[in-house]
Amino acid sequence: MTHVTLQNGSKMPLIGLGTWQSKPGEVQAAVLHALKKGYRHIDCAACYGNETEVGEGLKMAFEAGVCKREDVFVTSKLWNTFHRTEHVAPALEKTLKDLQLEYLDLYLIHWPVSFKYSGDNKFPKNEDGSMMYDDVPPAQTWAAMEELVTAGKVKSIGVSNFNSKQIAELSSVAKIPISVNQIESHPYLRNQQLIDFCQSKNIQITAFCPLGSPTRPWAKEGEPVLLEDPELVAIAKKVGKTPAQVLIRYQMDRNVVVIPKSVTPARIEQNLDVADFKLSEEDFEVLFKFNRDWRTCVPANPDGSARDAAHPYYPFNEAF
């Protein structure tokens, strides 16, 4: 299986190229190379600050005949400062302009937490350095997202970093059902309860940071490095693959879409080369035991505390 089918019938490739932390000057070439090598799913976000370069990579691929627009599944995300109704459509228009596209295949609410609208400032702060929050109910933002589908600007809509309670509340008022919940997931953060909950509601899960985010800039000395875990390395050796390939296959075998990020041509190719093996039940049992509920991606204050924990829609105060 190379695709999953969303609630509206759209086909979403199981593997996509992640573009978070892809630096300017690298991501354009990465997108073009990925498409040349067979990727048909690109995951973007306005907050990543590189959608213009992603758009250049897409344009080059289309103009060179590498693929057609309708063959590529493109995801982007609405940032926290644009949650109010009047800001949702303009935010999408900016993303479409940057990506040089007429529509998105999937548009996600990046976080349930909202910030005060501050023009181009994505991280507005008060005088004391704290974040300048807003209190926009996700249902209000969702209603504006639904209008984008009606207008033909977006094919599917979904969320990212939402917990089960937030999913249930939003589902109860949504006219268009939630297609996708994009969450952090890897063996150190299995997130099985949330995955099971979403799958029971026919909401597709996409896993970000599937390799444990080894290049995250806020990593602290002594924190675990998933790719170097001896038991993972042993499984990779046994199946004749890299640890990264095992982690990608692990998600695919759970029916989870996976979006590993890389700008290195060889790794981009390796991350797609996972169709010729499957993990055994024994392998899964070993990987399942890795779980330590350890998140690599939690917005933090300089002292390491969770930045948004007091916000009414902070997602990680719930068990799942």
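1. The second largest cavity of this predicted model has a volume of about 30 Å³. A cavity is here a set of points, on a 1 Å grid over the protein atoms alone, where a 1.4 Å probe fits but cannot get out. Its volume is the space filled by probe spheres set on the points, which are joined across faces, edges and corners. The residues lining the second largest cavity, those with an atom within 4 Å of a point, are N80, T81, H83, R84, H87, S114, F115, Y117, D134 and V136. By class they divide into 3 nonpolar, 5 polar and 2 charged; Ala, Val, Leu, Ile, Met, Phe, Trp, Tyr, Cys and Pro count as nonpolar, Asp, Glu, Lys and Arg as charged, and the others, Gly among them, as polar.

2. Residues are numbered from 1 along each chain as its sequence is written. Local features need pLDDT of at least 70 and side-chain atom pairs pLDDT 80 or more, whereas totals for chains, interfaces and linings use all residues; side-chain values use heavy atoms, with hydrogens and water left out.

3. A search of the whole structure finds 2 cavities of 30 Å³ or more. The largest cavity has a volume of about 100 Å³. Of its 13 lining residues, F162, N163, L194, R295 and F316 are the closest to the centre. This lining comprises 7 nonpolar, 3 polar and 3 charged residues.

4. N163 also caps the N-terminal end of helix α5, with a side-chain oxygen 3.1 Å from the backbone nitrogen of K165. Helices (H or I, at least four residues) and strands (E, at least two) are DSSP runs, numbered from the N terminus.

5. In α5 (residues 164-173), S164, Q166, I167 and L170 are buried, that is, under 20% relative accessible area with a 1.4 Å probe and protein chains only. Seen down the axis of α5, the buried residues fall within an arc of 160°, so they line one face of the helix; the arc is that of the directions from the helix axis to the C-beta atoms. On the other side, S172 and V173 are exposed (over 50%). The buried residues pack against α4 (138-150), β7 (154-160), β8 (180-184) and α6 (192-200), contact meaning heavy atoms within 4.5 Å.

6. The second largest pocket has a volume of about 350 Å³. A pocket is an open set with protein on both sides within 12 Å along at least five of seven lines. Among its 20 lining residues, A46, F82, K94, D120 and K122 are the closest to its centre. Helix α3 gives the largest share of this lining, 6 residues.

How values were computed:
A polar contact is a pair of N or O atoms within 3.5 Å; within protein, one must be able to donate a hydrogen and the other to accept it, and residues adjacent in sequence count only if both atoms are side-chain atoms.
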